[in-house]
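User: I would like to go through the labels used for this model and see what each one rests on. Please set the values against the cut-offs.

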Amino acid sequence: MTKYNTALVLGGGGVRCMAHVGVFKALHENGIEPDLVVGSSIGAVLGAVYAYIKDPSYVERFADRFSSNRMVLTLERSLGSNNGNPISRVGTFLSFTFGLFHGFWRQGILSQEFVKKVYKNILGDGVLFNRNFNIEDTAIPFAPLTTDYSTAEAVAVTKGDLPTFLYASSAFPGLCKPVLHGTRVLMDGGIISVVPVMAAHLLGAKRIIAIDTEEEVTKPRYKNAIEAISMATGIRGHRLNIVEKNLADIVVSPYINGYKWYEFSKVNECKEAGYNAAIQNIDGIKALIGSSPDEDIYHKRDAMAELYPFAVI
């Protein structure tokens, strides 16, 4: 197994993942480049562009295009409260009902081909689509994390068609159809690991810098049954995330509470929060890279590995 000195681990969380763009910028300004990038959900999408281009300004342009994409803006308008407008609430309810019905019969509304086409339109100049582009071709070693619905394993993908597995890593259940890969049924990596620290460890990382873009769970904020179900899922993920991120050597936590995952109009606030949080931790990151790996925390990750169903493909 390849050993990597330092891994950058990118959490999921919809628009909150745009904080990663600011982190890339801060690291670049300070001459810091990881040896491995591991991402979950939208964190994997941004991590892939960064790992291939190694240019934070390009990743920022990608993030801006993504956030202003017509489909993304429509999603925000559909799911937003619109100040409690009754017509809007009815429309949201009908959209959700249709999605639930369609998802029941078809496993999801959005297809792999459709989302890959959206990615292509966002990139504009076709960087990821002008040839066969594989994960193993990235300038920095990269692995998106997915969840295998058939085995409940966390699955890190280290080779194969990048757009396909970016879709798999961000394929939200009910909204997106799964990716069938042999006997595996691959979906959103955030289901099983919001901040994939253990995946980076099992891929061979000695030191791990985790970027935690999860929103804090503080008090009930749901107004209806749909939001209650969503919050219950969030609490479960939050509990698992506490354990996993505490196994990182450094955790960078941008202050981005209060933004719902679909509020991509908040992209600039999230980018700024990521930059500020990384700068606040930059001395610690430099010290980590210049020191010997922490054997205690490494052994804790090793012990956790026995309880963490995991596969590499």
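Predicted model: local features only at pLDDT ≥ 70, side-chain atom pairs only at ≥ 80, totals over all residues.

User: How do you know which parts of the chain have the lowest and the highest confidence?

Analyst: By mean pLDDT, a score that runs from 0 to 100. The lowest is in helix α5 (residues 86-106), with a mean of 45, and the highest is in strand β7 (residues 205-211), at 96. Residues 96-110 have a pLDDT below 50, and this stretch makes 26 contacts beyond near neighbours in sequence. Residues 124-130 are also below 50, with 14 such contacts. Where pLDDT is low, the coordinates should not be read in detail. For the chain, the average is 79, and 71% of the residues score at least 70.

User: What makes up the contact of α1 with α10?

Analyst: Ala-19, Val-21, Gly-22, Val-23, Lys-25, Ala-26 and Glu-29 of α1 meet Cys-270, Lys-271, Gly-274, Tyr-275, Ala-278 and Ile-279 of α10. By class, eight are nonpolar, two polar and three charged.

User: Why does Lys-271 count as buried?

Analyst: Buried requires under 20% relative accessible area. Lys-271 has 8%, so it counts as buried. Lys-271 lies in helix α10. Leaving out residues up to four places away in sequence, Lys-271 touches Met-18, Ala-19, Val-21, Gly-22, Glu-60 and Asp-64.

User: Why are α1 and α2 called roughly parallel?

Analyst: The angle between α1 and α2 (residues 42-53) is about 30°, with the axes 10 Å apart. The limit for roughly parallel is under 35 degrees, and the pair therefore takes that label. This crossing is right-handed. His-20, Val-21 and Phe-24 of α1 meet Gly-43, Leu-46, Gly-47 and Tyr-50 of α2. The contact has four nonpolar, three polar and no charged residues.

User: What makes helix α7 largely enclosed by the rest of the structure?

Analyst: Eight of the eight residues of α7 (residues 162-169) are buried, so the helix is described as largely enclosed. Those residues are Leu-162, Pro-163, Thr-164, Phe-165, Leu-166, Tyr-167, Ala-168 and Ser-169.

Note on methods
Residues numbered from 1 in each chain as written. Heavy atoms only, no water. Buried < 20%, exposed > 50% of the residue type's maximum accessible area, 1.4 Å probe, protein only. Helix = DSSP H or I, 4+ residues; strand = E, 2+ residues; numbered from the N terminus. pLDDT = per-residue confidence, 0-100. Contact = heavy atoms within 4.5 Å. Nonpolar A, V, L, I, M, F, W, Y, C, P; charged D, E, K, R; others polar. Axes fitted to C-alpha atoms, helices over the stretch in contact; angles between N-to-C directions. Parallel < 35°, antiparallel > 145°, perpendicular 65-115°, else oblique. Left-handed = near helix turned anticlockwise from the far one by under 90°.
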